[in-house]
Amino acid sequence: MTSIKNNTKEKRGFLNKEIKGFLEGKRAIGVGFATKETMYSPKGIPSADITSLLPEAESAICFALPLEKDKIRAYLRKDLPHGRVDHNKNNFDTYIKIIKICEELKKILKKRGYNAALILPNFDYRGEGLRSNISQKPYISLRYLAVRSGVGTFGWSGNVLMKGYGAPILLGGVVTNAKLEPTDPLPESESVCNNCKLCTKVCAFRFMSDDEQTTVTLGEQTFNYSKRKKIARCLMVCGGYSGLDKTGKWSTWCPERHPYPETDDDVYRIFAKELDRPIRFHVREEREGFDRTQLNQDPVLKEVFSGKEHAARVFKFTNLSCGNCQMICWGDPEQTAENYRILINSGCTIRDDEGYIDVKSCDEAKKYYKIKYPDTDQELTPKQKEYVKLIKECNET
Ligand code: SF4
Ligand code: SF4
């Protein structure tokens, strides 16, 4: 890239083009640009504020990389022994690719005299320690950036969907003080969401509403997706603390069991009981998965995560067990319906006597686990009562 001052529309467009070319060269499947103005939230949504990671930021760049669909099918089918580990590896390897692309782009922009900061694609939340993990509020929402800059559109699930890919994509982003030309959101006609609402049915604790919607306004453009219930519902399931679907007829990869929480208080209570429990996800004879050692050894990753030890720890130790709302939706109604069929016929996981995950029919699986009912279980300890208060606060403010 040659050095330019981008103080005219033409020069800004030129810089856009160069960045787009760089990202497409890295196999990005969509690239978009937003500015402080196009991301302006009249409600003051903190994660729409692109200056939160770089106070002088004027623009943001957003892009997407796809996940591998054959691995998603094996994951949804609960193929043993590698179905879970292979998809987990593909997901985290893709995150690492995104981080490295962002870091390279950041350095290119810096060489040109601009300042820039990367947006970590996951696990970097506002707030301290446990509170940040329970609230799950990103500094900058990559989903907002992606829909506002035209990388994709919201599906009913609230995930970002792209034509030809659906929802199994991961997003990356960089903020910079360079002025870039904003790109427009995609028109409604480009949406690949057909409102099948299967995404709501593959969420074991029904995080997303079937009929109520949320509206977000960014830079005078309005976007809609499903209204969400309390984030603790997703954290219980996606976090690997409970895996049995509301219907009792299938599970995620998680072998832990709680009854479907009818009320918010039920979910806070079971979440408080589980919060300190270590999570272990191993399938007998599964192959080596995501190389976690690179987070301590790779110089680029060490630099990116320096000062972000909490995010690095979560990155390192997270094991995927759900993500169903994203993984089933391929942007093609027949494929999505097939993914749904595969998942609800995939059986139930159990933890065997040696602690390994196995898959059984749901009837057979019932012999292996006891559903922990929050109100008949032993009373909450004083520490768990404190957790309930914290969880409630994080979910309701
Ligand atoms: S599964 Fe996908 S296509 Fe169907 S409603 Fe949900 S987001 Fe839309
Ligand atoms: S990731 Fe899983 S638990 Fe979270 S909202 Fe999606 S389907 Fe529900």
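Which helix gives the most to the shell around ligand 2? In this predicted model, the answer is H7, with 3 residues.

The residues around ligand 2 are Val-202, Cys-203, Phe-207, Cys-234, Val-237, Cys-238, Cys-322, Gly-323, Asn-324 and Cys-325. Two helices, H7 (231-238) and H12 (324-327), each supply at least two residues of this shell. By class, the shell around ligand 2 comprises 8 nonpolar and 2 polar residues, with no charged ones.

Let me turn to the setting of H7 itself. Of the 8 residues of H7, 7 are buried, and the helix is therefore largely enclosed by the rest of the structure. Those buried residues are Ala-232, Arg-233, Cys-234, Leu-235, Met-236, Val-237 and Cys-238. Just after the helix, Gly-240 adopts a positive phi of about 85°. The elements covering the buried residues of H7 include H8 and H15.

That brings us to the pairing of those two covering helices. The axes of H8 (residues 264-274) and H15 (residues 382-396) come within 8 Å and cross at roughly 125°. Because of that angle, H8 is oblique to H15. H8 passes H15 in a right-handed crossing. On the H8 side, the contact is made by Tyr-268, Arg-269, Phe-271, Ala-272 and Lys-273; H15 contributes Gln-384, Tyr-387, Val-388, Ile-391 and Lys-392. The residues of this contact divide into 6 nonpolar, 1 polar and 3 charged.

Next, the other ligand. Around ligand 1 we find Gly-155, Trp-156, Ser-157, Cys-193, Asn-194, Asn-195, Cys-196, Lys-197, Leu-198, Cys-199, Cys-329 and Thr-336. Here the division by class is 6 nonpolar, 5 polar and 1 charged.

Finally, a word on one residue, Phe-305, which lies in helix H10 (residues 299-305). Is Phe-305 buried or exposed? Phe-305 has 21 C-beta neighbours inside 10 Å and so counts as buried, the threshold being 20 or more. Not counting residues up to four places away in sequence, Phe-305 touches Leu-295, Ala-311 and Ala-312. As for Gln-213, it is 92 residues from Phe-305 in sequence and, C-alpha to C-alpha, 36 Å away in space.

Key: Residues are numbered from 1 along each chain as its sequence is written. Chains are lettered from A and ligands numbered from 1 in the order in which they are written. This is a predicted model: local features need pLDDT of at least 70, side-chain atom pairs count only at pLDDT 80 or more; totals for chains, interfaces and linings use all residues. Axes are lines fitted to C-alpha atoms, for helices over the stretch in contact, and angles run from 0 to 180 degrees between N-to-C directions. Helices (H or I, at least four residues) and strands (E, at least two) are DSSP runs, numbered from the N terminus. Angles under 35 degrees count as roughly parallel, over 145 as roughly antiparallel, 65 to 115 as roughly perpendicular and the rest as oblique. A crossing is left-handed if the near helix is turned anticlockwise from the far one by less than a right angle, and right-handed if clockwise. Two residues are in contact if their C-beta atoms, placed from the backbone, lie within 7 Å. Ala, Val, Leu, Ile, Met, Phe, Trp, Tyr, Cys and Pro count as nonpolar, Asp, Glu, Lys and Arg as charged, and the others, Gly among them, as polar. A residue is near a molecule or strand if its C-beta atom, placed from the backbone, lies within 6 Å of it. A residue is buried if 20 or more other C-beta atoms lie within 10 Å of its own, exposed if 12 or fewer, and partly exposed in between; C-beta atoms are placed from the backbone.
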